[in-house]
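Okay, thanks for coming, everyone.

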Amino acid sequence: MGSYIVSARKYRPETFDTVVGQEHITETLINEITHNRLAQAFLFCGPRGVGKTTCARILAKEINKGTVPEGYDFSFNIFELDAASHNSVDDIRALNEQVRIPPQTGDYKVYIIDEVHMLSSAAFNAFLKTLEEPPSYAIFILATTEKHKILPTILSRCQVFNFDRITIPQIVTHLKGIANDEKIEAEEEALHLIAQKADGAMRDALSIFDQMASFGTEGKITYAEVIENLNILDYDYYFKITDGFVSGDISSVLVMYDEIQRNGFDGQLFINGLASHFRDLLVAQNANSQQLLEKSKELAGKYLSQAKSVSASFIINAINLLGESDTSYKTSRNQRLHVELCLIKLASLQHAIDVTKKKSLG
């Protein structure tokens, strides 16, 4: 039990070349180190779980390499402060006092302040002078998920790096490598679902991956098990119900929704999932936009096939109807009936479009 390490820690990048999805940032930082053009203050912004703190730690180690003995413990040169729990003026004053002491070994002392947007206004003001005129050996790396909360006076004194959400293909590729290392057989469709659920955060993807590895048959992660464990609605429902809309089969659409309800899925979750399905169909209709279809090859093929059977006008009207239904869902007294009325409108939509076309031609 004690020897197990979660994947998010075990596979945390140790060098810039192992960081996933942030090449525009890692290449810039490598160039700054190589050409000795380091700023004294950095601000790393972006969503959770995309590598801000990881890159800060790597940068802190890289700038001291070559200036310390081999095998040196870099923790003596790196100081981390969690601003979520240390956000007072006294905490920043203590940091300012510490900054005055030069490093005993190596050229730099690096101060990483995580969740820096949580600092109080008074704490920001206490930090401002140190950030503006730091000692030559001090480098500050601030990390935040909410850049808009940082004072402009702080922003103006930092090099700002905006971290991107990690794309689904990048997450899937990384998870494949980990599955291979851990000798876990994982279906590609299952990894795509995990990547989608992670919403651009590699840390979330690794946590879900660990969960699925523990839940499933030993040494295997399957699509069916991921759907079951994460309570995700199977794509097949969206494809079947869309076929029902196109053919105008109201009864089959309502029967399918009843099955979805009995399986315990929330009505609003279904509406949002269906809207996303139509968005993907619209994307699949044009060769130029098909690159936005972040699905496995097999699933992308299904989207391309169904996209041929529906018109763009049908999809756009369907998305509008689903958007209206989503907006008014919470205020509806009978939420099941509310969703069913939306589905009835969608199943009648193709007929309405055909009638409108005939009138315009006649």
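Let's start with Lys183, which sits in the loop between α7 (168–181) and β6 (185–186). Quick housekeeping: this is a predicted model, where local features need pLDDT of at least 70 and side-chain atom pairs count only at pLDDT 80 or more, while totals for chains, interfaces and linings use all residues. Residues are numbered from 1 along each chain as its sequence is written, and side-chain values use heavy atoms, with hydrogens and water left out. Helices (H or I, at least four residues) and strands (E, at least two) are DSSP runs, numbered from the N terminus.

Back to Lys183: its phi is near 55°, a positive value in a residue other than glycine. Is Lys183 buried or exposed? Exposed, with a relative accessible area of 71%. Our cut-offs are under 20% for buried, over 50% for exposed and partly exposed in between, with a 1.4 Å probe and protein chains only.

Asn36 also has a positive phi, near 55°, and is found in the loop between α2 (23–34) and β1 (41–45). Asn36 counts as exposed because its relative accessibility is 61%.

Now the helices. The expected span is 1.5 Å times one less than the number of residues. Buried residues of α11 include Tyr235, Tyr238 and Phe245. Just after α11, Gly248 takes a positive phi of about 75°.

Helix α13, residues 267–284, should span 26 Å, and its end C-alpha atoms are 26 Å apart. It's mostly covered, with 13 of its 18 residues buried.

On to pockets. On a 1 Å grid over the protein atoms alone, a pocket is an open set of points where a 1.4 Å probe fits, with protein on both sides within 12 Å along at least five of seven lines; lining residues have an atom within 4 Å of a point.

Which residues lie nearest the centre of the largest pocket? Gln196, Lys197, Tyr235, Ser276 and Lys295, out of 29 lining residues. The elements giving two or more residues to that lining are α8 (188–198), α11 and α13, and the largest share, 8 residues, comes from α13.

As for the second largest pocket, 23 residues line it, and Arg12, Gly49, Gly51, Thr54 and Arg203 are the closest to its centre. Helix α3 (52–62) gives the most to that lining, with 4 residues.
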